[in-house]
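Biologist: Please show me the model, and let us discuss it one question at a time.

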Amino acid sequence: MKTMTKTSIHYAPANFAHIYGASWVAHRALANRAFRSKKELIRTFVHTMDTASLSEKLSLLQMQPQLGELLKTLPTLKTHQFEAFMLFNTVYHIKFDFPFIVSVKHKTVNDLLTIIEQRLSNTPQEEFREALSQLHLIATNRLRESFHTEAAPVFR
């Protein structure tokens, strides 16, 4: 839910906890803030994550869902693709200590297999940055989608 004034919009943190999968991100991004645009709101969420501590970022990456389990629900997923992905996913998680994170929008299962295989060659530092970058992309997509589905504003 949001509250609007003539020049700004106030958003309730509880409605945005899902954006990064952790309520602390929404609370920090939205704390006592009014936003003049949706772009400003998105930039604030990204900035909140960028300025979080390394341990907070790692914790956030570690709590993301395993993509392999989500892939099971795809009707076009073939058994050999799932098995390959789960093998790559296990190796990835052991190497980097967090699940494989990628924005799946507009990607096929074969795209995802190629991406995870390529990213396995990254150093831990490179992959940490890439995983955060993907998480930003996912969160930005979630924010944009939430603007299309939110309830009507409450005026003060």
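Biologist: In this predicted model, are Glu 127 and Arg 119 buried or exposed?

Modeller: The side chains of these two residues, Glu 127 and Arg 119, meet in a salt bridge, at 2.4 Å from N to O. A residue is called buried when its relative accessible area is under 20%. Both Glu 127 and Arg 119 are buried.

Biologist: How many salt bridges does the structure hold?

Modeller: A salt bridge requires a side-chain nitrogen of Lys or Arg within 4 Å of a carboxyl oxygen of Asp or Glu. The pair of Glu 127 and Arg 119, at 2.4 Å, is one of them. The total for the structure is three.

Biologist: Which helices hold Arg 28 and Glu 56?

Modeller: The side chains of Arg 28 and Glu 56 form a salt bridge, with 2.3 Å from N to O. This pair links distant parts of the chain, 28 residues apart: Arg 28 is in helix α1 (residues 23–30) and Glu 56 is in helix α3 (residues 54–62).

Biologist: Why does Glu 56 count as partly exposed?

Modeller: Partly exposed covers the range between buried, under 20%, and exposed, over 50%. Arg 28 is partly exposed because its relative accessible area is 41%. Glu 56 also counts as partly exposed because its relative accessibility is 23%.

Biologist: Where does Lys 105 lie, given that Lys 105 and Glu 145 are 40 residues apart?

Modeller: The side chains of Glu 145 and Lys 105 meet in a salt bridge, at 3.0 Å from N to O. The pair links distant parts of the chain: Glu 145 is in helix α7, and Lys 105 is in the loop between α5 (79–96) and α6.

Biologist: Is His 106 buried or exposed?

Modeller: The cut-off for exposed is over 50% relative accessible area. Asp 97, at 42%, therefore counts as partly exposed. With a relative accessibility of 77%, His 106 counts as exposed.

Biologist: What is the arrangement of the aromatic pair of Tyr 92 and Phe 98?

Modeller: By the ring-centre rule, the count comes to seven aromatic pairs. In the pair of Tyr 92 and Phe 98, the centres lie 5.9 Å apart and the angle between the planes is 75°. Planes over 60 degrees apart count as edge-to-face, so the arrangement of Tyr 92 and Phe 98 is edge-to-face.

Biologist: Which helix gives the most to the lining of the largest pocket?

Modeller: The largest pocket holds about 450 Å³ of space. Of its 21 lining residues, the closest to the centre are Leu 67, Leu 70, Val 102, Val 104 and Ile 138. Helices α4 (67–71), α6 (109–119) and α7 (124–149) each supply at least two lining residues. The helix that gives the most, with five residues, is α7.

Biologist: How many residues of the lining of the largest pocket are nonpolar?

Modeller: The lining is divided by class into nonpolar, polar and charged residues. Four are polar and four are charged, while the nonpolar residues number 13.

Terms used
Residues numbered from 1 in each chain as written. Predicted model: local features only at pLDDT ≥ 70, side-chain atom pairs only at ≥ 80, totals over all residues. Heavy atoms only, no water. Phe/Tyr/Trp six-rings, centres within 6.5 Å; stacked < 30°, edge-to-face > 60°. 1 Å grid on protein atoms, 1.4 Å probe; cavity = no way out; pocket = protein on both sides within 12 Å on 5 of 7 lines; lining within 4 Å. Points joined across faces, edges and corners; volume = space filled by probe spheres on them. Helix = DSSP H or I, 4+ residues; strand = E, 2+ residues; numbered from the N terminus. Nonpolar A, V, L, I, M, F, W, Y, C, P; charged D, E, K, R; others polar. Buried < 20%, exposed > 50% of the residue type's maximum accessible area, 1.4 Å probe, protein only.
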